[in-house]
Amino acid sequence: MHALHARLPKNFVLEERLERYADAIELEPARLRGRWAEACWPGIGADGTAAPGPSRFREVRLDLGCGKGQFVVESARRNPDVLFVGMDAEPICVAYAAQRACESGLANVVIVPGNGMRVREFFSAGELGRIYLNFPTPFPKKKKAHLRLTYLDRLMGYRPLLERGAGIRLRTDSQPLRDFSLTQLDLAGYEITWRSDDVRVEFPDEPWSAYERKLTEQGACAFVERPAARPAEQQGFRPPQPQPAPEFRHTPRFQQPVQAPPAAPAAEEAEEDAAASGGEETPVIESKRKRNWSSIFQKTFDKINSSFTAAEDEEI
């Protein structure tokens, strides 16, 4: 099980919470791949027969990194004909989100334990109408950039899952992550259709997440980007190919590059050397012998140990 990063309240038993609200948790999401809208439709009875009326949800949306589920549950309440799938890798967040989903009584919200690395195993091509990235972890260290949800490889993985005209909605309070994401989105073939420097001012009725409410109380604001995937066949998009790293050579500032003299023919060099030495053979200079550093270190350590042993014998 994933390591717990969230703070547990007193008398909180994770296994008991997950068992109590298991009705809202889908532990085998791969089995629903390609048929989320039909399989999760509440009109299907236990015998497998469909009730009169529509037999599927109009759209499937993914909240990647749903946290404790406040945003995904409120969005499901406002869009009863849309299926919302909340996904999070933190077990305690899955438990809280499932509890909120069960207590709401909504039938169009499902919680899935997982992260963005396996979305292509859970959804088929063109199955998602939108992907929400609400305040993802920025992972500021460069060596952890591949863990960001807006990393190039992940964005390329989202593209085939989106239906035509669908896109991603990114909300973040991190300016470095925003700048990084804009670069990655362009490389991955997305087109920014809308952006805002303070979404709460422009859309005050937008569903809240617990993290965003905490930020707003502290005086922070959220940046929003709404990129849409450009159709590959229309834009002629090709995934970026790895480029060789450029080679840099340093030349001292006050020193002109020294040009080597043109090489003389081998026969002329041999005649000149023979004339200079009076016909005698030129001695061969052997290359320096490589040092065996391990042997040198071992001898040094042996000397140090012997000196310590001698000092101890003198004290005795």
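**Packing around helix α3**

Helices α3 and α4 run roughly parallel to each other, a label given to angles under 35 degrees, with angles over 145 counted as roughly antiparallel, 65 to 115 as roughly perpendicular and the rest as oblique. The model is a predicted one, in which local features need pLDDT of at least 70 and side-chain atom pairs count only at pLDDT 80 or more, whereas totals for chains, interfaces and linings use all residues. Residues are numbered from 1 along each chain as its sequence is written, and side-chain values use heavy atoms, with hydrogens and water left out.

Two packed helices are described by the angle between their axes and the distance between the axes. For α3 (residues 70-78) and α4 (residues 91-104), the angle is about 25° and the axes are 9 Å apart. The axes are lines fitted to C-alpha atoms, over the stretch in contact for helices, and the angles run from 0 to 180 degrees between N-to-C directions. On the α3 side the contact is made by Q70, V73 and R77, and on the α4 side by R100, A101 and S104; contact means heavy atoms within 4.5 Å. These residues divide into 2 nonpolar, 2 polar and 2 charged. In this scheme Ala, Val, Leu, Ile, Met, Phe, Trp, Tyr, Cys and Pro are nonpolar, Asp, Glu, Lys and Arg are charged, and the others, Gly among them, are polar.

The surroundings of α3 extend beyond α4. Its buried residues are F71, V72, V73, S75 and A76, where buried means under 20% relative accessible area, exposed over 50% and partly exposed in between (1.4 Å probe, protein chains only). These buried residues pack against β1 (59-64), β2, α4, β3 (109-113), β4 and β5 (162-172).

A pair of aromatic rings is described by the distance of the centres and the angle of the planes. The whole structure holds 4 aromatic pairs, a pair being rings of Phe, Tyr and Trp (its six-membered ring) with centres within 6.5 Å; planes under 30 degrees apart are stacked, over 60 edge-to-face and the rest tilted. The pair of F71 and Y132 is edge-to-face, because the ring centres are 5.1 Å apart and the planes stand at 70°. F71 belongs to helix α3 and Y132 to strand β4 (residues 128-134), so that the pair links distant parts of the chain, 61 residues apart. F71 and Y132 are both buried. Y132 also forms a stacked pair with F84, at 6.5 Å centre to centre and 20° between the planes. Since F84 lies in strand β2 (residues 82-88) and Y132 in strand β4, this pair ties together parts 48 residues apart in sequence. Through these ring pairs F71, F84 and Y132 form a cluster.

C93, found in α4, is buried, with a relative accessible area of 12%. Its C-alpha atom is 7.9 Å from that of C66, which is 27 residues away in sequence. Not counting residues up to four places away in sequence, C93 touches G67, K68 and D88. F12, in the segment before α1, is buried as well, with a relative accessible area of 11%. Leaving aside neighbours within four places in sequence, F12 is in contact with R17, I92, A95 and Y96.

Most residues other than glycine have a negative phi, and most peptide bonds are trans. In the loop between β4 and α6 (152-158) lies F135, whose phi is positive, near 50°. The loop between β4 and α6 also holds F139, with a positive phi near 45°. F135 is buried at 11% relative accessibility, whereas F139 is partly exposed with a relative accessible area of 25%.

For the protein chain as a whole, there are 12 helices and 7 strands. Buried residues make up 35% of its 316 residues.

Terms used. Helix = DSSP H or I, 4+ residues; strand = E, 2+ residues; numbered from the N terminus.
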